[in-house]
Amino acid sequence: MIFDRKNLDDNALIAIYKKLLYPRVIEEKMLILLRQGRIGKWFSGIGQEAIAVGCAMAMAPDEYILPMHRNLGVFTTRGVPFNRLLGQWQGKASGFTKGRDRSFHFGTQEHKIIGMISHLGPQMALADGIALADLLADRKKATLVFTGEGGTSEGDFHEALNIAAVWNLPVIFLIENNGYALSTPTDEQYNAKKLIDKAIGYGIEGRQLNGNNILEVYYAISEIAANIRKRPRPVLVECMTFRMRGHEEASGTKYVPQELFDEWQDKDPVTKFENYLIEQEILRPEWIPYLRGEFLKEIDPIIEKVLNEKDIRPNIFTEMGDVYKPSTRPTFKLSGKYNVIRYIDAIRDALMLAMNKYDNLVIMGQDVAEYGGVFKVTENFVEFFGKERVRNTPLCESGIIGTAMGLSLNGYKAVVEMQFADFVSSGFTQIVNNLAKTHYRWGQNVDVVIRMPTGAGTAGGPFHSQSNEAWFTKTPGLKVVYPAFPADAKGLLMAAIADPNPVMYFEHKYLYRNLTGEVPDGEIFIEIGKARVVKKGTEATIVTYGYAVHWALEYLSNHPELSIEIIDLRSLQPWDITTVITSVKKTGRVLVLHEDTLTSGFGAEVAATIGEQCFKELEAPVMRCASLDTPVPMDKGLENQFLGKSRLDKAMQQLLNY
């Protein structure tokens, strides 16, 4: 191994050595504590320290790094206090996630570090969004994101690199190729000789480095970062190294041939650099135990203090209170003017007002720029706001949702348009594991709205017609809204964009051009979580939302003799339990109606809550009316049969005659 010191003086080399040695000493101590049973789990990065330390040294302190669970050197080099790291690993209150997550599954804006989630691949798209924010703000910064050789097999790897390449984002995608993804060797993981060969397919540069050579890593990453700050573009870097311990300590290493250990033991990054410094008479051999001792004198008292910290006292109110970032209702004054406009125009109006109100808001999606989206919601937006803020995206839902989250992490707002709500399944992990859980885990809000053109009635068939809101109402950390009227469509969308939390905004495709209504001119914000009593009544209550509200209204127009109260939930997460319970206690009978399929639809949650809280006041069982438990058929006759509307009359008769 050849070390090229270039213009580094002796003091600089010693400083680098200390940065390299420090995480090794911590790791060795953790392994002792693990054997003693004082800690429960450890993911070792022994043998890979040169990559983490070299990269952290090369990046500017205010540039984001997105590390993984073997990159302790990133955290120590960035100056994250050891007591907080240990508190994090042990689930103490002094950690970053209040005992809610472990390992390096956290971020710290103070140190510009965004940790990974266990799904590994999704973090790469976050780097795209962070870099895009820097690019839009003309900050001339680079972003570095880690992945492993196993992670390159995930679709998120492809999507993130493709987005970065198409948009010329200043991201360094760094692969730590340590030979094994848990126990799967590289020859069972991919068929390429070099992972940097993948760069060719994206039209970007690829560089392979000796990941165990601290100076090679430091200089290469410094050079690449400096270059892409001036000429933004992504670069793929593959650092060759080896994992000297198991995936985690309980896994062991029996699957690894001994000759590989022997080969890489001779390439140990700490030992090799020590020997180089000794040969150059920069480091004296007797200094090594002294430096190790100094580090141990520093960390040993911290270990005892943190391990003896009291366990977290569970508090339901604290836990529930941290799922969402508190949001404040924006101040606004109604103009007093109203326009009769279509549902789709109300959505357009909200987006237009929001884009003018927030200069850090970016709209992204397939075909949303010049084409205006498949439903023309953003038609002509490019003329007003430009392609930087109204961005056509590659066809990659997961990558774009992750990019939106990255934008939010770096000070921007994002609205993502799903071409159809059905397609959101391709970005499911980003939504339910990244967007939804981040504030609860480490206090970072995610300011992203995902627009979901949804629903049947247009003969779209199984892949363009689903009402899949129930997929998301089950996930803590997401807000879910589903407006039924133009005024609500505008007010809820403006509220969703103002809200600092991730919001799934469902908009019914059939209503786009088939429904008009009075909509206030200018800004309007409808509080998320508040239902609306659409029609008052005394005989029974229909609790509904979305297109099904209009089914209920049509039913009542055909039965003027009935006094039925209709409640439009408008928001499904959170939902207005108080308004529903008040109505049901008044009428004594309730039908829960929605377009989604019956089994495990959101109506089941509403029905269960009513059963629990209104049992004594009920004069009939809580009843539900919903669509068939089948995929949505394309044929118009079959579709009409599928929809719950076809069974509404019978369901109401059964309820009223009970």
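Let me begin with Asp367, which sits in the loop between β11 (361-365) and α14 (381-385). What we have here is a predicted model, and I will speak of it as such throughout. Asp367 is not a glycine, and yet its phi is positive, at about 65°. With a relative accessibility of 34%, Asp367 counts as partly exposed. That loop between β11 and α14 also holds Lys376, another residue other than glycine with a positive phi, in this case near 65°. Lys376 has a relative accessible area of 24%, and so it too is classed as partly exposed.

While we are on backbone geometry, there is a cis peptide bond to point out, the one that joins Gln573 and Pro574, with omega at about 0°. Pro574 belongs to the loop that runs between β21 (571-573) and α21 (577-587).

Now to the sheet. In what order do the strands of this open sheet lie? There are 5 of them, and they follow the order β18-β20-β19-β22-β23, with mixed pairing. The edges are formed by β18 (532-535) and β23 (623-627), each of which pairs on one side only. From one strand to the next, the twist averages 25°.

With β18, strand β20 (residues 564-568) pairs in the antiparallel sense, over 3 bridges. Two of the residue pairs can be named: Arg532 has Asp568 of β20 as its bridge partner, and Lys535 has Ile566 of β20. With strand β19 (residues 540-544), by contrast, β20 runs parallel, and 5 bridges join the two. Here Val543 stands opposite Ile567 of β20.

Is β20 buried or exposed? The strand is mostly covered, with 5 of its 5 residues buried. The burial applies to both faces, with Ile564, Ile566 and Asp568 on one side and Glu565 and Ile567 on the other. To bring these points together, Asp568, the bridge partner of Arg532, is buried, and so is Ile567, which stands opposite Val543.

Let me turn to the spaces in the model, starting with the largest pocket, which contains about 410 Å³ of space. Its lining is made by 23 residues, and those that lie nearest the centre are Met68, His69, Arg70, Leu120 and His247. Both β4 (143-148) and β6 (180-181) supply at least two residues each to that lining. Sorted by class, the lining of the largest pocket has 11 polar, 7 nonpolar and 5 charged residues.

Next come the cavities. How many of 30 Å³ or more does a search of the whole structure find? The search finds 4. In the largest cavity there is about 70 Å³ of space, and the residues lining it include Ile114, Met116, Leu126, Met405, Arg441 and Trp442. At least two lining residues each come from α5 (123-136) and α17 (438-442), and α17 gives the largest share, 3 residues. The classes in the lining of the largest cavity are 6 nonpolar, 4 polar and 1 charged.

The second largest cavity holds about 60 Å³ of space. Among the residues lining it are Gly365, Gln366, Cys396, Glu397, Ile400 and Met418. The elements that give two or more residues to this lining are α15 (397-409) and β13 (413-417). Its classes are 5 nonpolar, 4 polar and 2 charged.

Conventions:
Residues are numbered from 1 along each chain as its sequence is written. This is a predicted model: local features need pLDDT of at least 70, side-chain atom pairs count only at pLDDT 80 or more; totals for chains, interfaces and linings use all residues. Side-chain values use heavy atoms; hydrogens and water are left out. Two strands pair if DSSP finds at least two bridges between them. Helices (H or I, at least four residues) and strands (E, at least two) are DSSP runs, numbered from the N terminus. Axes are lines fitted to C-alpha atoms, for helices over the stretch in contact, and angles run from 0 to 180 degrees between N-to-C directions. On a 1 Å grid over the protein atoms alone, a cavity is a set of points where a 1.4 Å probe fits but cannot get out, and a pocket is an open set with protein on both sides within 12 Å along at least five of seven lines; lining residues have an atom within 4 Å of a point. Grid points are joined across faces, edges and corners, and a volume is the space filled by probe spheres set on the points. Ala, Val, Leu, Ile, Met, Phe, Trp, Tyr, Cys and Pro count as nonpolar, Asp, Glu, Lys and Arg as charged, and the others, Gly among them, as polar. Buried means under 20% relative accessible area, exposed over 50%, partly exposed in between (1.4 Å probe, protein chains only).
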